[in-house]
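Dear colleague,

Please find below the structure that I am handing over to you.

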Amino acid sequence: MPRYEFRCRACGDTFEVNRPMARAGESASCPQGHADTVKLLSTIAITGRGGGVSGGPPAPTGGGCCGGGCGC
């Protein structure tokens, strides 16, 4: 189940709420009981043994001038 992060505007507490994606847009009360909260934009990190960013060959740079094709 997705986890959403909120911050209370009244007390400044940051907290998380687990809920289905269908309820992602609903507001949440802070653990202190305040209703004035805002949903934070959270980032995710995906780790594992898959073909990640590091360890592979450099990405090709496209053609054209200054894109690696003309050598300038």
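A residue is called buried under 20% relative accessible area, exposed over 50%, and partly exposed in between (1.4 Å probe, protein chains only). By that definition C30 is buried, with a relative accessible area of 4%.

Two remarks on conventions come next. The model is predicted, so that local features need pLDDT of at least 70 and side-chain atom pairs count only at pLDDT 80 or more, while totals for chains, interfaces and linings use all residues. Residues are numbered from 1 along each chain as its sequence is written, and side-chain values use heavy atoms, with hydrogens and water left out.

Overall composition

The chain contains zero helices and three strands, where helices (H or I, at least four residues) and strands (E, at least two) are DSSP runs numbered from the N terminus. Along the sequence the pattern reads β-β-β. Of the 72 residues in the chain, 15% are buried. The accessible surface of the chain is about 5800 Å², and carbon and sulfur atoms contribute 54% of it; these areas come from the Shrake-Rupley method with a 1.4 Å probe, and for residues only the protein chains shown count as cover.

The three strands form an open sheet in the order β2-β1-β3, with antiparallel pairing; two strands pair if DSSP finds at least two bridges between them. Strands β2 (14-18) and β3 (37-39) are the edge strands, each pairing on one side only. From one strand to the next the twist averages 35 degrees, taken between axes that are lines fitted to C-alpha atoms, with angles running from 0 to 180 degrees between N-to-C directions. Strand β1 (residues 3-8) is joined to β3 by three bridges, and the two run antiparallel. C8 has T37 in β3 as its bridge partner.

Cysteines

How many disulfides does a search of the whole structure find? The search finds zero, a disulfide being a pair of cysteine sulfur atoms within 2.5 Å. For C11, the closest cysteine sulfur is that of C8, and the distance of 3.6 Å is too far for a bond. C30 is likewise in no disulfide, the nearest cysteine sulfur, again that of C8, being 3.7 Å away. C11 is partly exposed, at 39% relative accessibility.

Salt bridges

A search of the whole structure finds three salt bridges, each defined as a side-chain nitrogen of Lys or Arg within 4 Å of a carboxyl oxygen of Asp or Glu.

- E16 and R3 meet through their side chains at 3.5 Å, N to O. The pair links distant parts of the chain, with E16 in strand β2 and R3 in strand β1, 13 residues apart. R3 is exposed, at a relative accessible area of 52%.
- R9 and D36 form a salt bridge whose closest N and O atoms are 3.6 Å apart. R9 lies in the loop between β1 and β2 and D36 in the loop between β2 and β3, so the pair ties together parts that are 27 residues apart in sequence. R9 counts as exposed at 55% relative accessibility, and D36 as partly exposed at 40%.
- E26 and R23 have their closest N and O atoms 3.2 Å apart. E26 is partly exposed, with a relative accessible area of 37%, and R23 is partly exposed at 38% relative accessibility.

With kind regards
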